[in-house]
Amino acid sequence: MNSLSAVTDSFVDIPDGLDIPGLSILLDAGAMRKRLEQTLPAGPTRITACHITNFRFRTPTNCTIAYELTAHVEGAPSDVTVHAYARAYSQAAYPQARHKALSSRWVVSAIGTSVQMLDELYAVLYWYPNDERLSGLRGIAAPRKLQRLFYQNLSDFPSASWRISDRSIRLSLLRYKPERRAVLRCRFRAHRLGTAEQHELFVFLGVYEDVRAAQLSGLIARLTERLNNATELSLPRTIACVPDAGLLVSEVAPGDTLQLLLSENTAFAAEAINRSANAIARLHRVAAGSDIPANPGHEARLFETVELIGRLAPDCLRTAREIADQLGRDGLISGANRSVIHGDLHPGQILLSDARTTLVDLDRTRYGDPLEDIGNFCAQLRLGPPGGPLWDPDTVQSRFLSAYERSTSRRIDQHALSRWIAFALLRAGVIPLGRFQPNWRAAMKDILAAAQERLQ
């Protein structure tokens, strides 16, 4: 769920099958705008807009709802954007969660709040940068803390030779999935001591749960070594990894995403499709090794998806089961681990500049069937962001597959590919709800119908 749709001051259809009494209010952006404003400390601050950016089902008695708020602060030159999320519970589960939240230490947000109890809604409200599982966010929110972290971990700018100005540090939040991952863009200036030399620098900060940052850093290092300076494909350079903070500092790779190039219908788009296919083919040729994770259990992923659809939208359960059963009968779930795959490939994950083709967001990279990557790519062409690309998805798919076949010197098994596209579409059936689209039920049915078409 990388793209986020927003709903402002409106009520959206409530999913079925959730034992969470506060959900009807928590999923009403207009009601929550007023409710959240009431939680602010007394002062000249008011919330002027509330957007629900993400809804995630966890268990029948536990879910999270993310909010993007616009706040007007008297005396400020402009409105500020504030992020918060509610972790909602059943009546039985809430007391323990409440006690845990009250027992932890938190920091103040941009408008002076931290973590608050919404007792009448059986929910805990976390104001960014507070997060139940991404504790590293609290450690980088203050410029001085981030300055110290840079001094300790950026080998390119040792503190004995360089001064990093904390006043120059500017953070902008790019992506945030509460309790899963946050990606920030950071600008800062570094001055070489005793000289007039200075640099303005930009890096990405990825904040993850637990040991994920260290695992991802090691994976990128192994892949980079095995790519051996490949001209077709590059990966973002890791500048530093801070395991205790769950933080990965990476270069800002140059270029525009393939998705952007397709949506703008640029003259470069045809070449970009070919280069993207060549880059993925190169990734799929990376030498095997036991230090890269293997395929997850696809049977379990299918079961989880069908169960989730059945709980949230029972009227879609029959279709979802039919798709999953057909995939099982066709032998798609083979457990093959023949190649390194990206694991979440779509046009927004490929950056292209004049000199480089860079693959980003490697969180799900592992060994698997390369057609899983290709199938997900083709499925995402049809999902896309609101409005979709100007390029026809069939044209893009045809160009991509032809270039991939030329690069690998192998014909793609179209029957197997259609099954992987159906698999990706079935898994994507819950995306409209996660993006909190007002018409999420209809969108879910359309996605599942597209998956069925692939199996005929």
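**Exercise 1.** Does Asp-344 count as buried or exposed?

*Solution.* Begin with the background: this is a predicted model, in which local features need pLDDT of at least 70, side-chain atom pairs count only at pLDDT 80 or more, and totals for chains, interfaces and linings use all residues. Residues are numbered from 1 along each chain as its sequence is written, and side-chain values use heavy atoms, leaving out hydrogens and water. Next, recall the cut-offs: buried means under 20% relative accessible area, exposed over 50%, and partly exposed in between (1.4 Å probe, protein chains only). Asp-344 has 15% relative accessibility, so Asp-344 counts as buried.

**Exercise 2.** Find the salt-bridge partner of Asp-344.

*Solution.* A salt bridge is a side-chain nitrogen of Lys or Arg within 4 Å of a carboxyl oxygen of Asp or Glu. The partner is Arg-364, with the closest N and O atoms 3.9 Å apart. Asp-344 sits in the loop between strand 13 (339–341) and strand 14 (350–352), and Arg-364 in the loop between strand 15 (357–359) and strand 16 (366–368), so the pair ties together parts 20 residues apart in sequence. Strands (E, at least two residues) and helices (H or I, at least four) are DSSP runs, numbered from the N terminus. Arg-364 is partly exposed, at 42% relative accessible area.

**Exercise 3.** Describe the salt bridge between Glu-372 and Arg-301.

*Solution.* Their side chains meet at 3.2 Å, N to O. Glu-372 belongs to helix 11 (residues 370–383) and Arg-301 to helix 9 (residues 298–312), 71 residues apart. Glu-372 is buried at 6% relative accessible area, and Arg-301 is buried at 15% relative accessibility.
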